[in-house]
Amino acid sequence: VDVDDELELTVTGIAAGGDALGRDSDGRVVFVEGALPGERVRALVTSAKKDFAKAVMVEVVGSPSPDRLAVVAHECGGCTWQHVSLEGQRRLKVDVVRDALRRIAHVEDVEPSVRVPGERPLRTTARLGIDALGRAGHRRRGSHDIVVGDEPCPALHPLLASLVTEGRYPVEAGEVLLRVSVATGEEVVVVAPGRRLKHAAGPALSEDVGGRRFRVSAASFFQPGPVAAAALVEAVDLALGSAPVGHVVDAYAGVGLFASTIGARRGARVTAIEQSPSAVADALVNLGDLEGAVVVEGEVGRWRPATGDAVDMVVADPARPGLGRPGVAAVVAAGAPGIVLVSCDPASMARDVALLRDAGYGLSSVEVVDAFPDTFHIEAVSRFDLS
Ligand SMILES: C[S@@+](CC[C@H](N)C(=O)[O-])C[C@H]1O[C@@H](n2cnc3c(N)ncnc32)[C@H](O)[C@@H]1O
C-alpha cells in the first residue's frame, strides 16, 4: 500500500499508543486511528513503511463496535478515545495490560482489576502551544498546528479552562505551562517553560490530595489533576495491604505524593528518592511534618539502603521507560518483602514484571487506574511479593 490509498480491513486489537490494529491483504500490520476492535473499516493510508502502515479510519463498513459512541470528536485530537464509551475504554485498557503481561512477561494467571475514580478526573495542568494571536491551545496530533476551540475543552478543570480560553500569551514564547489548584484556586503561568524552568523551580501552588497538602513548583512533576492523583493514592494504599509497615521507600517520589500519604496514614517512616531538584525541594516541605522522613536527591539506580536499615515496602513510580535494570537493582537491594509498582506504560510495566520475577518477586495483583478518560493513557498499580 501507498500513502493516500484507501484500504478495507478488519480490526482485531489495540496497539500501544491507542490506535486499532489490523492487517492489509498482504498481511502487513496497519495501525488505524479511530477504529475499534471487531470493526470492519475503510481507512486512508497516511504513512507506509516496509513492515507496517498507518491509516485514519474513513468509515465503518457494516456494524460499528457496541463500544462506539456517535460523537464528533473535539477538534484538537488530544483525547483520541472520545468515540469510545467509558466502559469500552476500561475494557480495552485491561485488554492491553493483560496482553502486555502475556506477550512480554509470560504471565497468564493475574487478571487486572479496574479502579474508576469517584468523579471525572479533570486536568489541572496543561502545557500548550501559543498561536499567532496569543491564544493557548493543544497542538493537533502529528502536526504543529495549534487548535483553539470555541468551546472550553471538557477534559480541563473549569479554572484551567478559563486560563486557556481567556488568557493571551506572548506569541514569541511559543509555549506556556498552565497549572491551577482546585484546593486554593491559585494559578501558575510560565511562558516559555522549556527555557525558564530548566534551572529553576518556578512559581509554586498548593494542592490537596488524599487528606494531605502538597507544594508543587512549576518545574516539579505532578499528576495531571488531584482526582487522578487521589485515585492512584488509593490504589497504592490498597496494594500495600493491611500489614503494618515501619519503613517505606518511595522511589521516583516527585513531590512526595505517596510518601506523604503513606507516612501520614500508616505512621510509617518514609524515605523518598527523587532526582529533580525542584521536586526534592517540594518533597522536603511536603514531608516536613513526618517524623524521621528522609528525602534523597539522586538517581534511583544509584541508591542503596543504609546497612541495617530494613525496608518493609517499596513503592516505585518511574517515568515511562519503567524501572529497567538499574531501577530494579535498586528496588531489589532494599530487600523488602513487598513492592508496589506504579506504571504509566503497559509494555515497560511488563518488562519490569519480568525483571522483578527474575529477582524473586512474583506478581500478586494488578489494578488498572482509569485516571485519564477519553485517552489511551494507562496507569497500573501492581503488587509483588518476595517468594
Ligand atoms: C511518574 S513521576 C512520579 C512522581 C510521584 N510519584 C507522583 O505521583 O507525583 C516520576 C518521577 O521520577 C523522577 N525521576 C525520573 N527518573 C528518575 C531517576 N532515574 N531517579 C530518580 N528520580 C527519577 C521524575 O523527576 C519524576 O518526579
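**Ligand site and strands**

Biologist: Which ligand atom lies 2.9 Å from a polar side-chain atom of D317?
Modeller: A nitrogen atom of the ligand lies at that distance from the D317 side chain, a polar contact being a pair of N or O atoms within 3.5 Å. This is a predicted model, in which local features need pLDDT of at least 70 and side-chain atom pairs count only at pLDDT 80 or more, while totals for chains, interfaces and linings use all residues. Residues are numbered from 1 along each chain as its sequence is written, and side-chain values use heavy atoms, with hydrogens and water left out.

Biologist: What do Q223 and V300 contribute?
Modeller: Q223 places a polar side-chain atom 2.7 Å from an oxygen atom of the ligand. V300 uses its backbone instead, with an N or O atom 2.9 Å from a ligand nitrogen atom.

Biologist: How much of the ligand's accessible area does the protein cover?
Modeller: The protein covers 87% of the 600 Å² that the ligand has on its own, by the Shrake-Rupley method with a 1.4 Å probe.

Biologist: How many residues surround the ligand, and of which classes?
Modeller: The ligand is surrounded by 15 residues, each with a heavy atom within 4 Å of it. Q223, E274, Q275, V300 and D317 are the closest. The shell has seven nonpolar, five polar and three charged residues; Ala, Val, Leu, Ile, Met, Phe, Trp, Tyr, Cys and Pro count as nonpolar, Asp, Glu, Lys and Arg as charged, and the others, Gly among them, as polar.

Biologist: Turning to the sheets, in what order do the strands of the closed barrel run?
Modeller: The five strands run β1-β2-β3-β5-β4, with mixed pairing. Strands are DSSP runs of E with at least two residues, and helices are runs of H or I with at least four, numbered from the N terminus; two strands pair if DSSP finds at least two bridges between them.

Biologist: Which partners does β1 have?
Modeller: β1 (residues 6-14) is joined to β4 (residues 40-48) by five bridges and runs antiparallel to it, with E8 opposite R42. β1 also pairs in the antiparallel sense with β2 (residues 20-23), over three bridges. There, G13 faces L21 and I14 faces A20. Five residues separate β1 and β2 in their hairpin, where G17 has a positive phi near 110 degrees.

Biologist: Where else does a hairpin glycine have a positive phi?
Modeller: G134 has one of about 85 degrees, in the turn of five residues between β7 and β8. Those strands, residues 125-130 and 136-139, are antiparallel with two bridges, and G129 stands opposite G137.

Biologist: What of the open sheet, and why do β6 and β16 each have a side without a neighbour?
Modeller: This eight-stranded sheet has the order β6-β19-β20-β18-β17-β14-β15-β16, with mixed pairing. β6 (113-115) and β16 (294-297) are at the edges with a single partner strand each, so one side of each has no neighbour in the sheet.

Biologist: How do β17 and β18 run, parallel or antiparallel?
Modeller: They run parallel, β17 (residues 313-316) being joined to β18 (residues 338-343) by four bridges, and V315 has V340 as its bridge partner.

Biologist: Which strands does α4 lie across?
Modeller: Helix α4 (residues 226-240) lies across β6, β17, β18, β19 (361-369) and β20 (379-386), contact meaning heavy atoms within 4.5 Å. The helix runs at about 15 degrees to β20; axes are lines fitted to C-alpha atoms, for helices over the stretch in contact, and angles run from 0 to 180 degrees between N-to-C directions.

Definitions and conventions:
A polar contact is a pair of N or O atoms within 3.5 Å; within protein, one must be able to donate a hydrogen and the other to accept it, and residues adjacent in sequence count only if both atoms are side-chain atoms.
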